Amino acid sequence: APVREQARLIAVVIALMIAAAGLSIISWWRQKSAEYSRMQYEAELKRKNLSQQYDYLIKYVNDIVLLVDPEGKIVEANDRAVTAYGYAREELTRLAIRDIRAPETRDVINSQIKEVRERKGLIFETVHMRKDGTLFPVEVSSRIIDVDGRSFIQSIIRDITERKKAEQALAESEKRFKRLVESVTDYIYTVEVANGRPVKTIHGPSCVNVTGYTPDDYGADPDLWLRMIFEEDRPAVLNQASKVL
């Protein structure tokens with residue numbers, strides 16, 4: 001009887017220990033499960049916040065943003081695209097990318113899409129067309145993005161009309177300057193300097209009459225204009241040039 005009583009007591013103690021260990025394990029598992037759920041919730045909340053911020057940025061960014069499927073169909077457009085092209089968003093998403101390109105640029109669309117896929121991104125200039133038929137130059141930066149397991153081309157498009165006007169004005173100004181230099185009988189030359197050193201010289205046609213050297217001679221030797229100056233006068237000339245620079 002005493003042995004049975006002692007065995008019963010040991011069994012009760014063992015059962016209590018097992019129960020306590022089980023409760024500890026359950027408590028630990030619940031704690032870890034709650035912590036994992038909290039981390040998952042925070043990660044999802046962060047992802048949603050980032051997604052909302054990205055959507056807000058794309059929606060209101062000053063550049064045109066288009067999402068195009070692999071066949072070239074426009075599937076999404078931001079507010080700037082609606083304003084720039086003159087279409088409602090629903091109209092834009094019924095168009096293909098070729099519908100907003102100038103007719104003379106459409107023959108290269110397929111090759112550009114192929115290049116974007118192969119290189120995972122491409123930057124190029126082209127001409128786009130508004131709903132009313134007016135054309136405007138653009139710089140396009142395209143890349144491949146994945147959305148819900150599908151690949152799309154995201155294009156950020158910048159209207160470069162003002163840049164092209166500035167480039168054209170600069171080119172016309174350079175042409176006028178060149179005509180002016182070529183029309184005068186005086187010897188006029190321009191020295192292009194980089195890091196305090198002449199890297200290029202542009203000479204008028206009268207340079208041959210004055211110095212005997214041709215514009216090609218000066219082009220082949222950027223330092224020729226300096227060696228042409230009397231040696232003792234060179235320091236003074238360089239000193240004056242440094243004041244101009």
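In these legends a residue is called buried when its relative accessible area is under 20%, exposed when that value is over 50%, and partly exposed when it falls in between. The model shown is a predicted one, and the views below are close-ups of parts of it.

**View 1. Overall setting of the close-ups.** The protein is built from 9 helices and 7 strands, and buried residues make up 22% of its 245 residues. Its accessible surface comes to about 17,500 Å², and 56% of that area belongs to carbon and sulfur atoms. Of the contacts whose separation is 6 or more, 33% are accounted for by residues 24 or more positions apart.

View 2. The side chains of Glu-125 and Arg-163 meet in a salt bridge with an N to O distance of 3.4 Å. Glu-125 belongs to strand S3 (residues 121-129) and Arg-163 to helix H5 (residues 161-183), so this pair ties together parts of the chain that are 38 residues apart in sequence. Glu-125 counts as partly exposed because its relative accessible area is 41%, and Arg-163 is likewise partly exposed because its relative accessibility is 33%. Through salt bridges that share partners, Glu-125, Glu-139, Arg-163, Lys-164 and Glu-167 are joined into one network.

**View 3. The salt bridge between Arg-158 and Asp-63.** A search of the whole structure finds 12 salt bridges, and in one of them Arg-158 is paired with Asp-63, with 2.8 Å between the closest N and O atoms. The two partners come from distant parts of the chain, Arg-158 from strand S5 (residues 150-159) and Asp-63 from the loop between H1 and strand S1 (64-68), and they are 95 residues apart. With a relative accessible area of 42%, Arg-158 is partly exposed, whereas Asp-63, at 13% relative accessibility, counts as buried.

View 4. An α-helix has 3.6 residues a turn, so residues three or four places apart point the same way. Arg-119 counts as exposed, with 53% relative accessibility, while Glu-115 is partly exposed, with a relative accessible area of 30%.

**View 5. The buried and exposed sides of helix H4.** Ile-109, Gln-112, Ile-113 and Val-116 are the buried residues of this view of H4. These residues cover an arc of only 100 degrees around the axis, and therefore they lie on the same side of H4. On the other side of the helix, Asn-110, Lys-114, Glu-118 and Arg-119 are exposed. The cover over the buried residues of H4 includes S3, S4 and S5. Just after H4, Lys-120 takes a positive phi of about 65 degrees.

**View 6. The surroundings of Val-116.** Val-116, which has its place in helix H4, is buried, with a relative accessible area of 3%. When its neighbours within four places in sequence are left aside, Val-116 is in contact with Gly-121, Leu-122, Ser-142, Arg-143, Ile-144 and Ile-153. The C-alpha atoms of Val-116 and Ile-153 are separated by 8.0 Å, although these residues are 37 residues apart along the chain.

**View 7. The aromatic pair of Tyr-85 and Phe-136.** The structure holds 1 aromatic pair. Tyr-85 and Phe-136 form this pair in a tilted arrangement, with 5.9 Å from centre to centre and 50 degrees between the planes. The pair links distant parts of the chain, since Tyr-85 is in helix H2 (residues 79-85) and Phe-136 is in strand S4 (residues 135-147), 51 residues apart. Tyr-85 is buried, with a relative accessible area of 1%, and Phe-136 also counts as buried, at 2% relative accessibility.

**View 8. A nonpolar patch on the surface.** Leu-9, Val-13 and Met-17 form a nonpolar patch on the surface, and together these residues have about 300 Å² of accessible area. Leu-9 has its place in helix H1 (residues 2-60), and Leu-9 counts as exposed because its relative accessibility is 55%.

Methods: Residues numbered from 1 in each chain as written. Predicted model: local features only at pLDDT ≥ 70, side-chain atom pairs only at ≥ 80, totals over all residues. Heavy atoms only, no water. Patch = residues over 30% accessible without salt bridge, like charges linked within 9 Å, V, L, I, M, F, W, Y side chains within 5 Å. Areas by Shrake-Rupley, 256 points an atom, 1.4 Å probe, with all protein chains shown as cover. Salt bridge = Lys/Arg side-chain N within 4 Å of Asp/Glu carboxyl O. Helix = DSSP H or I, 4+ residues; strand = E, 2+ residues; numbered from the N terminus. Buried < 20%, exposed > 50% of the residue type's maximum accessible area, 1.4 Å probe, protein only. Phe/Tyr/Trp six-rings, centres within 6.5 Å; stacked < 30°, edge-to-face > 60°. Arc of directions from axis to C-beta. Contact = heavy atoms within 4.5 Å.
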